[in-house]
Amino acid sequence: MIKIYHNPRCSKSREALALAEQYSNEHQLKLEVVDYQKTPLTLAQLKTLHKQLGGPVSAMVRDNEAEYAALNLAQADDATLLQALAAHPKLLQRPVVTYQDRAMIARPPGVFNELMDT
């Protein structure tokens with residue numbers, strides 16, 4: 001199954017969703033679309049997602065959002081960043097696509113194919 005953490009108001013997220021829909025149809029895979037702002041990820045889900053993504057937690061965070069500055073997250077540790085993501089879903093990078101215990105921030109949307117080809 002392919003899962004995409006999606007923000008329908010984001011053009012890059014909509015582009016990645018279109019690629020995921022096409023791929024899932026062509027390969028007969030189930031696709032789960034999660035509007036993460038309406039259905040925020042729990043702290044446990046964020047920790048799993050971080051493990052799937054690899055790399056620093058800071059890569060999961062949108063540092064250009066007002067909440068990032070308001071919460072003074074520039075020097076925050078991983079635990080604080082994960083708590084901020086759980087409390088403020090708007091801070092999550094988008095879109096995030098998961099497939100077979102791996103994940104990728106699909107920005108630009110074309111990198112979606114890299115996740116599916118590995």
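Author: Helices (H or I, at least four residues) and strands (E, at least two) are DSSP runs, numbered from the N terminus. In this predicted model, local features need pLDDT of at least 70 and side-chain atom pairs pLDDT 80 or more, while totals for chains, interfaces and linings use all residues. Numbering starts from 1 along each chain as its sequence is written, and side-chain values use heavy atoms, without hydrogens or water.

Reader: Which residues of H2 are called buried, and which exposed?

Author: Buried means under 20% relative accessible area, exposed over 50%, and partly exposed in between (1.4 Å probe, protein chains only). Leu46, Leu49 and His50 are buried. Ala44 and Lys51 are exposed on the other side of H2.

Reader: Why is Arg62 called buried?

Author: Its relative accessibility is 9%, so Arg62 counts as buried. Arg62 lies in the loop between H2 and helix H3 (66-70).

Reader: What makes the Arg62 and Glu65 pair a polar contact?

Author: The term asks for N or O atoms within 3.5 Å; within protein, one must be able to donate a hydrogen and the other to accept it, and sequence neighbours count only through side-chain atoms. The two side chains meet at 2.9 Å. That is within the cut-off, so the pair qualifies.

Reader: Why is Lys90 not called buried?

Author: Its relative accessible area is 36%, so Lys90 is partly exposed. Lys90 is in the loop between H4 and E3. Leaving aside residues up to four places away in sequence, Lys90 touches Gln37, Arg62, Glu65 and Glu67, where contact means heavy atoms within 4.5 Å.

Reader: What makes a space a cavity, and how many are there?

Author: On a 1 Å grid over the protein atoms alone, a 1.4 Å probe fits in a cavity but cannot get out, and lining residues have an atom within 4 Å of a point. The search finds 1 cavity of 30 Å³ or more. Tyr36, Pro40, Leu41, Leu46, Leu85, Pro89 and Leu92 line it.

Reader: Why is that lining classed as it is?

Author: Ala, Val, Leu, Ile, Met, Phe, Trp, Tyr, Cys and Pro count as nonpolar, Asp, Glu, Lys and Arg as charged, and the others as polar. The cavity lining therefore has 7 nonpolar, no polar and no charged residues.

Reader: What makes a pocket, and what is in the lining of the largest one?

Author: A pocket is an open set with protein on both sides within 12 Å along at least five of seven lines. H2 gives the most, with 4 residues.

Reader: Why are Gln28 and Asn72 called exposed?

Author: Gln28 has 73% relative accessibility, so it counts as exposed. Asn72, at 65%, is exposed too. Neither is a glycine, yet Gln28 has a positive phi of about 50° and Asn72 one near 55°.

How values were computed. Points joined across faces, edges and corners; volume = space filled by probe spheres on them.
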